[in-house]
Amino acid sequence: MAGADPGAHIGELLDRLGREAGPRARETADELVRSVVEFYGEGLARTVRLLRSAPAGSDPLAVLTADELVGDLLILHDLHPDDTMTRVGQALDKVRPYLGSHAGDVEVAGLDTDAAEGPTLRLRLRGSCDGCPSSTQTVRWTIEEAVARLAPEIAHIEVEGVAEAPAEQPLLQIQPRPPDDAPGPPPPSAAPEPPHWHTLAAPALPAHDRTTRVADIDGNALLLVRLPGNLYAYRDRCPGCGADLRTAPLDGEFLSCSACAARFDVRHAGRGEGAHLEPLPLLEEDGAVRVAVPELLGAGP
């Protein structure tokens, strides 16, 4: 296509698609092209703004790669100065403070660039999630989100050491023979829907260490607890009695339910005697706080 007019060529392709696939396909293709143009237009606009406002003497590439959208464009066109494994390491460094309270630590076990599903990153957790199924899931989600933001070319992540929650066994019913309309074996449980990540502004966050605040996201009440060095997010519900925890006193690193007096270790995945708080994935980076709300968060009592 050297010397050809790219705009004219795109128009020809769209016209051909309209003739061969019909007007609805042409409308979808037009919308796709507009979206791609807007995406690149925003990337160019941000590049100009970032370079104009960059401090004198700063590294232009460092300024551009610090922006998520521009960094993604550089990765897409193989222009990013850091290779995949360097950016994976940066992502894991961001989540290690969070993992320390849930899983211990994480290390890279390998990267398979020839995997059938695309580049596959294999990670290994050291430690445990304190036997809390919801904590193991938040660990997985947090790792996946951090890696996706800095190394979006990774198509699949396998995490060794994250135990799956045991499936509930159906009740055994003994009958002389199964009825003619008896259903077949129950289908396997569906994988949890990925959570939606939200950015929280300063007014919604605890202002000082050893304080709590409740934030509402999409109708879900989240309990945020600030301890020295870390911020934690939990569902605002006591797993023992179902009461909310917004008035629960904080004694050091332990939260006590005002209704039933159950105590939970905030720094260690909300562990309590026989019950766990429901932890939520949280990333705190560059002064911003992002928290994930799973689809089924509001399903409990």
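A nonpolar core is a set of buried Ala, Val, Leu, Ile, Met, Phe, Trp, Tyr and Cys residues joined through side-chain atoms within 4.5 Å. Buried means under 20% relative accessible area, exposed means over 50%, and partly exposed lies in between (1.4 Å probe, protein chains only).

The views below come from a predicted model, in which local features need pLDDT of at least 70 and side-chain atom pairs count only at pLDDT 80 or more, while totals for chains, interfaces and linings use all residues. Residues are numbered from 1 along each chain as its sequence is written, and side-chain values use heavy atoms, with hydrogens and water left out.

**Figure 1. The protein chain as a whole.**
The secondary structure comes to 6 helices and 13 strands. Helices (H or I, at least four residues) and strands (E, at least two) are DSSP runs, numbered from the N terminus. The protein chain has 301 residues, and 34% of them count as buried. Contact means heavy atoms within 4.5 Å. Among contacts with a separation of 6 or more, 52% are between residues 24 or more positions apart.

**Figure 2. The largest nonpolar core.**
This core has 34 residues, and Leu92, Ile143, Val147 and Leu224 touch the most other members. Helix H5 (residues 84-99) supplies the largest share of the core, 6 residues. Which residues does Leu92 touch, not counting residues up to four places away in sequence? They are Val106, Val108, Leu123, Ile143 and Val147. Another core, of 14 residues, lies apart from the largest one and includes Leu227, Leu255, Phe264 and Leu277. In soluble globular proteins, nonpolar side chains tend to be buried together.

**Figure 3. An open sheet of 3 strands.**
The strand order is E4-E13-E12, and the pairing is antiparallel. Strand E4 (196-200) and strand E12 (282-285) stand at the edges with a single partner strand each, so one side of each has no neighbour in the sheet. From one strand to the next, the twist averages 20 degrees. For such angles, axes are lines fitted to C-alpha atoms (for helices over the stretch in contact), and the angles run from 0 to 180 degrees between N-to-C directions. Two strands pair if DSSP finds at least two bridges between them. Between E4 and strand E13 (residues 288-293) there are 5 bridges. His196 stands opposite Val293 in E13.

Arg290 is placed in strand E13. Is Arg290 buried or exposed? At 11% relative accessibility, Arg290 counts as buried. Its side chain is joined to that of Glu145 by a polar contact of 2.8 Å. A polar contact is a pair of N or O atoms within 3.5 Å; within protein, one must be able to donate a hydrogen and the other to accept it, and residues adjacent in sequence count only if both atoms are side-chain atoms. With neighbours within four places in sequence left aside, the residues in contact with Arg290 include Glu145, Arg149, Trp197, His198 and Leu283.

A salt bridge is a side-chain nitrogen of Lys or Arg within 4 Å of a carboxyl oxygen of Asp or Glu, and a search of the whole structure finds 19 of them. One joins the side chains of Glu42 and Arg46 (3.0 Å, N to O). Both residues lie in helix H2 (residues 23-53), 4 residues apart, about one turn of the helix. Glu42 counts as partly exposed at 31% relative accessibility, and Arg46 counts as partly exposed at 27%. Glu42, Arg46, Arg49 and Asp67 are linked in a network of salt bridges.

**Figure 4. A salt bridge between two strands.**
Arg226 and Glu284 form a salt bridge, with the closest N and O atoms 3.0 Å apart. Arg226 lies in strand E6 (residues 220-227) and Glu284 in strand E12, so the pair ties together parts that are 58 residues apart in sequence. Arg226 counts as buried at 16% relative accessibility, whereas Glu284 counts as partly exposed at 36%.

**Figure 5. Asp236 in a loop.**
Asp236 is found in the loop between E7 and E8. The side chains of Asp236 and Arg246 meet in a salt bridge (2.8 Å, N to O). Asp236 is buried, with a relative accessible area of 7%, whereas Arg246 counts as partly exposed at 43% relative accessibility. The side chain of Asp236 also reaches the backbone nitrogen of Leu245 at 2.6 Å. Neighbours within four places in sequence aside, Asp236 is in contact with residues including Val214, Ala221, Leu222 and Leu223.
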